[in-house]
Amino acid sequence: KEPGPLLVTGPAGSGKKTFARYFHRLGPHAQQPYIELALGEQDAARRTASIFGEDAEGGAAGSVGYLEMMGEGTLALLHAELLDVHQQIMLATYLKRGWFQRAFGQSRVASKVRIVLVAYGSEDEVLAAFVPELREALAARKLAVPALSSRVSDIPALAEHFLKRQA
């Protein structure tokens, strides 16, 4: 029930997103929004603006990112392994200090959004791709979800759950 960030790793189909939603529901702000942002569906510039927002040049209106608009909700970043170095540093700053700067912005924006990074691959592979500052911010809360093929005993309960949802 602590508000810190979480890194969830594992192969495709292992239940990482399901666990991220469960983590949110168990948290202290379960009534707040839960958003899954699919980073693989955006180019790098759009990812930055989606997460952090963007200040426009010349006094034009900028855009607000999820960190600013979600209150005390949970933002799950799917395919977190796609974050570029600049985005990783911006995210590490937010996780360490509780504030961020919009893309092209100068002012600090405070936020209380909880971050769940959902990444595809082994924990070691994913962490090796992250900058040291982000690895440090995630050091205390990591979960490696094993492949479903190694959890065959879970299949009947999962099948029952999904059949009930479809009924």
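A salt bridge here is a side-chain nitrogen of Lys or Arg within 4 Å of a carboxyl oxygen of Asp or Glu. The pair links distant parts of the chain, since Glu72 sits in the loop between H3 and E3 and Lys112 in the loop between E5 and E6, 40 residues apart. Helices (H or I, at least four residues) and strands (E, at least two) are DSSP runs, numbered from the N terminus. Glu72 is partly exposed, with a relative accessible area of 28%, whereas Lys112 is exposed at 61%. On this scale, buried means under 20% relative accessible area, exposed means over 50%, and partly exposed lies in between (1.4 Å probe, protein chains only).

The model is a predicted one, in which local features need pLDDT of at least 70 and side-chain atom pairs count only at pLDDT 80 or more, while totals for chains, interfaces and linings use all residues. Residues are numbered from 1 along each chain as its sequence is written, and side-chain values use heavy atoms, with hydrogens and water left out.

Turning to the overall layout, the chain has seven helices and seven strands, arranged along the sequence as β-α-β-α-α-β-α-β-β-β-α-α-β-α. Of its 167 residues, 38% count as buried. Contact means heavy atoms within 4.5 Å. Among contacts between residues at least 6 apart in sequence, 71% join residues at least 24 apart.

Five strands form an open sheet in the order E2-E3-E6-E1-E7, with parallel pairing. Strand E2 (34-38) and strand E7 (142-144) are the edge strands, each pairing on one side only. Neighbouring strands of the sheet are turned by 15 degrees against each other on average, direction ignored. Helix H1 (residues 16-26) packs on this sheet and touches E1, E2, E3, E6 and E7, and its direction makes about 165 degrees with that of E6. For such angles, axes are lines fitted to C-alpha atoms, for helices over the stretch in contact, and values run from 0 to 180 degrees between N-to-C directions.

Two strands pair if DSSP finds at least two bridges between them. Strand E3 (residues 74-78) and strand E6 (residues 114-120) are joined by five bridges, and within this pairing Leu77 has Leu117 as its partner. E1 pairs with E6 in the parallel sense over five bridges, where Val8 stands opposite Val118. With E7, E1 pairs over three bridges, again in the parallel sense, and Leu7 has Lys142 as its bridge partner there. How enclosed is E1? Five of its five residues are buried, so E1 is largely enclosed by the rest of the structure. In a regular strand the side chains alternate between the two faces of the sheet. In E1, both faces are covered: Leu6, Val8 and Gly10 are buried on one side, and Leu7 and Thr9 on the other.

The interior can also be described through nonpolar cores, each a set of buried Ala, Val, Leu, Ile, Met, Phe, Trp, Tyr and Cys residues joined through side-chain atoms within 4.5 Å. In the largest core, of 27 residues, Leu67, Leu77, Leu91, Ile115, Leu117 and Phe130 touch the most other members. H2, E3, H4, E6, H5 and H6 each supply at least two residues of this core, and the largest share, four residues, comes from H4. Beyond its neighbours within four places in sequence, Ile115 is in contact with residues including Leu67, Leu77, Leu91 and Tyr94. Apart from this core lies another, of nine residues, among them Val8, Phe23, Ala76 and Val145.

The structure holds five salt bridges. In one of these, the side chains of Asp55 and Arg102 meet at 2.8 Å, N to O. Asp55 lies in the loop between H2 and H3 and Arg102 in the loop between E4 and E5, so the pair ties together parts that are 47 residues apart in sequence. Glu123 forms a further salt bridge with Lys142, the closest N and O atoms lying 3.7 Å apart. Glu123 belongs to helix H5 and Lys142 to strand E7, so this pair ties together parts 19 residues apart in sequence. Finally, salt bridges that share partners join Asp55, Glu68 and Arg102 into one network.
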